[in-house]
Structure formats: structure tokens, C-alpha cells
Amino acid sequence: MTALKAPAGPDPFVDQRQHPRVSVAMPAFLILGGRRYPVQIVDLSAGGAKVDCGTALVVAGAVVTLNWGGAGAQASVRWREGRLAGLAFAAELDPRDVADLARRGQALGARLRS
């Protein structure tokens with residue numbers, strides 16, 4: 001019997017995201033086909049977001065608009081699994097805006113937990 005060797009080099013399954021993600025708990029709306037669906041942003045980066053979209057009829061490949069607190073971004077749905085969906089923004093968010101949204105989302109999450 002031959003022993004299997006670990007592959008040389010970096011693990012091919014290590015997260016390859018271009019932008020660091022921050023966990024948030026922020027209410028938002030997903031606009032798809034002229035309809036508005038309430039969602040919650042679960043995590044966020046300059047390049048995209050993970051949202052809990054509940055019953056929204058979102059499928060991979062759909063082009064949507066994600067609106068939060070008076071701001072928004074066009075995005076494409078990269079994946080959908082159960083209630084969660086991964087979005088890739090059409091244009092990157094400014095990292096300062098992401099940091100501000102993260103602070104607001106974390107503050108809101110802390111307020112909801114207390």
C-alpha cells in the first residue's frame with residue numbers, strides 16, 4: 001500500500017477572495033425584476049456581499065440592486081444556497097464606505113442583541 005503525500009505548495013482550497021470581508025447585521029432591500037425584497041446583509045467587502053434573502057426569488061446569474069440606508073450597488077448573484085446568496089458588485093465599493101457600513105452594521109447588531 002502506498003502512502004499519499006500532501007500536495008506541495010499552497011492549499012488550493014484556501015479562500016481566494018480579493019477583498020477582506022467583515023461580518024455585519026444590516027437590513028437592506030434586494031431589487032429584482034422591479035420587485036423589492038427585504039434582506040439582511042450578513043457580510044460585506046468592497047467587491048461583494050453575502051445576504052440572507054429568505055424567500056426572495058433569487059437565482060445564480062441574476063442581476064440585482066442591493067439597497068441599504070439610502071445607498072446601493074448593482075450586483076450579480078454568484079451563488080444561492082438555502083436562505084443565503086453571494087453577490088458580486090458591478091463596481092467595487094470604496095474601502096472607507098465598507099468600513100463605515102461595517103461599523104454601522106455592528107452597532108445595529110449590538111443594539112438588537114441588548
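This note goes through the predicted model point by point, from the overall fold to single residues.

1. Basis of the values. The model is predicted, so local features need pLDDT of at least 70 and side-chain atom pairs count only at pLDDT 80 or more, while totals for chains, interfaces and linings use all residues. Residues are numbered from 1 along each chain as its sequence is written, and side-chain values use heavy atoms, with hydrogens and water left out.

2. Overall composition. The protein has one helix and six strands, in the order β-β-β-β-β-β-α along the sequence. Helices (H or I, at least four residues) and strands (E, at least two) are DSSP runs, numbered from the N terminus. Of the 114 residues in the protein, 35% are buried. Buried means under 20% relative accessible area, exposed over 50%, and partly exposed in between, with a 1.4 Å probe and protein chains only.

3. The barrel. Six strands form a closed barrel in the order S1-S2-S3-S6-S5-S4, with antiparallel pairing. From one strand to the next, the twist averages 45 degrees. Axes here are lines fitted to C-alpha atoms, for helices over the stretch in contact, and angles run from 0 to 180 degrees between N-to-C directions. Two strands pair if DSSP finds at least two bridges between them.

4. Strand S2 (residues 35-44) and strand S3 (residues 48-52) run antiparallel and are joined by four bridges. Asp-43 has Lys-50 in S3 as its bridge partner. Three residues lie between S2 and S3 in their hairpin. S3 also pairs with S6, in the antiparallel sense, over five bridges; here Val-51 has Ala-85 in S6 as its bridge partner.

5. S4 and S5 run antiparallel with six bridges, and Val-63 stands opposite Ser-76 in S5. Their hairpin has two residues between the strands, and Gly-69 in the turn has a positive phi of about 40 degrees. S5 and S6 are likewise antiparallel and joined by six bridges. Ser-76 has Ala-88 in S6 as its bridge partner. The hairpin of S5 and S6 also has two residues between the strands, with Gly-82 in the turn at a positive phi of about 60 degrees.

6. The nonpolar core. Which residues have the most contacts inside the largest nonpolar core? They are Ile-41, Leu-44, Leu-66 and Trp-68, in a core of 28 residues. Strand S1 (22-32), S2, S3, S4, strand S5 (71-81), strand S6 (84-89) and helix H1 (95-113) each give two or more residues to this core. S1 supplies the largest share, five residues. A nonpolar core is a set of buried Ala, Val, Leu, Ile, Met, Phe, Trp, Tyr and Cys residues joined through side-chain atoms within 4.5 Å. In soluble globular proteins, nonpolar side chains tend to be buried together.

7. For the protein, 50% of contacts between residues at least 6 apart in sequence join residues at least 24 apart.

8. The aromatic pair. A search of the whole structure gives one aromatic pair. The ring centres of Trp-68 and Phe-89 are 6.4 Å apart and the planes are at 35 degrees, so the pair is tilted. Rings of Phe, Tyr and Trp (its six-membered ring) pair if their centres lie within 6.5 Å; planes under 30 degrees apart count as stacked, over 60 as edge-to-face and the rest as tilted. Trp-68 is in strand S4 and Phe-89 in strand S6, 21 residues apart. Trp-68 counts as buried because its relative accessibility is 5%, and Phe-89 counts as buried at 9%.

9. Thr-65. This residue lies in strand S4 (residues 63-68). Beyond its neighbours within four places in sequence, Thr-65 is in contact with Phe-29, Leu-30, Ile-31, Ala-73 and Gln-74. The C-alpha atoms of Thr-65 and Phe-29 are 8.1 Å apart, with 36 residues separating the two along the chain. What joins the side chains of Thr-65 and Gln-74? A polar contact of 3.0 Å does. A polar contact is a pair of N or O atoms within 3.5 Å; within protein, one must be able to donate a hydrogen and the other to accept it, and residues adjacent in sequence count only if both atoms are side-chain atoms.

Notes:
Contact = heavy atoms within 4.5 Å.
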